[in-house]
Amino acid sequence: MSNEKRSIKSLLLGTWNTKTIVGIAIGAALFGVLMVFGGIRVATNTSLTSAMVVVVVVGALFGPLPAALAAGLGNVIADLISGYGFWFDWSIGNAVLGFFVGLLPLYGARIEEGVFQVKHAVIYTILCIIGNALAFGIVTPVFTMLFFSSELTITWIQAFSAIISNASILVVIGIPVLFLLAKRNARATNLSKED
Amino acid sequence: MDDKRLFVNTTPGNRFLDKLTGKTKVRTFLILIVLLIATWDIRVILPFFILSWIALISLKPDWKKVWGVMAFVVAMNLFNLFLVWVVRPDYGLNICGGSTVIFKFTDFYIITSETLWYFMVRFLKLLGTFTISLTFIQCITPSEMAAGLYSCKVPYKVCTIFSIAFRYIPDISRDFHSIKISMQMRGMELDSEKTSLWTRLKQNVLILVPLIITSFDRVGNIANGMDLRGYGKNKTRTYYAEHEEGPGDKKMKVVYMLFLAIMIFVIIWRFFFPAEYEVWCPWIS
């Protein structure tokens, strides 16, 4: 475990090695499949989906940009395998949300080293709510206007239910998962390398 | 979450569309999707809708599987349209520019022929997009998809993300199935007749935890395998799955260039000469 400080830029972008690429790919695949099969439908285009948990894990292990890519590409994959039609506005919204969720290492919650405390959980909750509101309250409607010039009332209803359902999943399931992951990784750090 | 609804191929077949190169498949697909998203004109949508069905039929797919997915998508879209109607019954006035009342429930809840026209256009548009993506996913393999995206100047690391993700989907389905069986063997009841919906939901969440953990545990193995084979050492990449262009590709190249021309025309037309109303309606203009 390296204790050297990493620059903000490298924390934001993540380290782009093969491991990160595979991690994003598997995250995107899980996100896509869970989005189609692992949810309870709340309104059209939105569901109380367990897919968000995957974004939390990717964010914890790899950082914000990988989490954003996993969520965005995962949504494209979900659209492709499910056939709801392509809603790139929602994919972009999910990517923005993924970015906010994945900001974990930036405020010192280093899951891979087993560091996740109550104060991190509080910051995480706040960021989840801000990210949700920004992603589905502003970004998605703007892109919906650009792409489809579609009926916005529906988008608002969908956005509202998306905000509520995603935020509740991210907080209610996400925080226990983060504690679990941190505990799992903390056990591994007790081992010290013998010379 | 079983194999019934997944259409991921890992080996190419020998139908006409299968034999094309990944480059042709991906380019045609992307052009068609952008075209269908960009247009609201039934005169453009209808030919492509019919074309997409011809393509789907030419693949001779497993129709039982296709109807299953199709029924779901049609139901979803109809429900979506119903929601639009509930919120704005007279939506046709905004988007087609007319309001011919056919039937009146109350003063607010009316059925106008323009709204119905808009619903039909939208339905055909979404179903067309769906048929195209269904055709695409049935005739492509993950490696061909990566090769095709790479030919569209997408950075190859992103292409790899796509191909690994697609390759991994059947594995997720298999893992889910085996975790479910082993959990049932330990006494977890998933039968819909014996347990309530809520407990079944909770148990499905319990399956997710090992599914996610095993999936991410595998990241290290896959990444090591790729590193050992020298992945990511060079700036460019060639694909084993990409074969030489055959006669079919040369024909398809003409076809997709034509589609590209239509797409550019539609987008430019919409941008520079925006119609007063988004959806063209035969009895209004």
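Guide: In chain A, 74% of the contacts with a separation of 6 or more are between residues 24 or more positions apart. A contact here means two C-beta atoms, placed from the backbone, within 7 Å. The model is a predicted one: local features need pLDDT of at least 70, side-chain atom pairs count only at pLDDT 80 or more, and totals for chains, interfaces and linings use all residues. Residues are numbered from 1 along each chain as its sequence is written, while chains are lettered from A and ligands numbered from 1 in the order in which they are written.

Visitor: What share does chain B have for contacts between residues at least 6 apart?

Guide: In chain B, 75% of those contacts join residues at least 24 apart.

Visitor: How do you know how many helices and strands chain A has?

Guide: Helices are DSSP runs of H or I with at least four residues, strands are runs of E with at least two, and both are numbered from the N terminus. On that count chain A has eight helices and two strands, in the order α-α-β-β-α-α-α-α-α-α. Chain B has 10 helices and two strands, and its pattern reads α-α-α-α-α-β-β-α-α-α-α-α.

Visitor: How many residues of each chain count as buried?

Guide: For chain A it is 54% of 195 residues; for chain B it is 31% of 285 residues.

Visitor: What makes a set of residues a nonpolar core?

Guide: The set must consist of buried Ala, Val, Leu, Ile, Met, Phe, Trp, Tyr and Cys residues joined through C-beta atoms within 7 Å. The largest such core has 121 residues, and those with the most contacts inside it include A25(A), A29(A) and A165(B). Helix α2 (residues 18-37) of chain A gives the largest share, 14 residues. At least three residues come from each of domain 1 (1-141 + 241-285) and domain 2 (155-236) of chain B, with bounds from an automatic or database domain assignment. The C-alpha centres of these two domains lie 31 Å apart.

Visitor: Which residues is A165(B) in contact with, leaving aside its neighbours within four places in sequence?

Guide: They are A25(A), A28(A), A29(A), L73(A) and I77(A).

Visitor: How do you know which classes make up the side of chain B that touches chain A?

Guide: Ala, Val, Leu, Ile, Met, Phe, Trp, Tyr, Cys and Pro count as nonpolar, Asp, Glu, Lys and Arg as charged, and the others, Gly among them, as polar. The contact takes 42 residues from chain B and 33 residues from chain A. Helix α9(B) gives the most to the chain B side, with 11 residues. Sorted by class, that side has 31 nonpolar, seven polar and four charged residues.

Key. A residue is buried if 20 or more other C-beta atoms lie within 10 Å of its own, exposed if 12 or fewer, and partly exposed in between; C-beta atoms are placed from the backbone.
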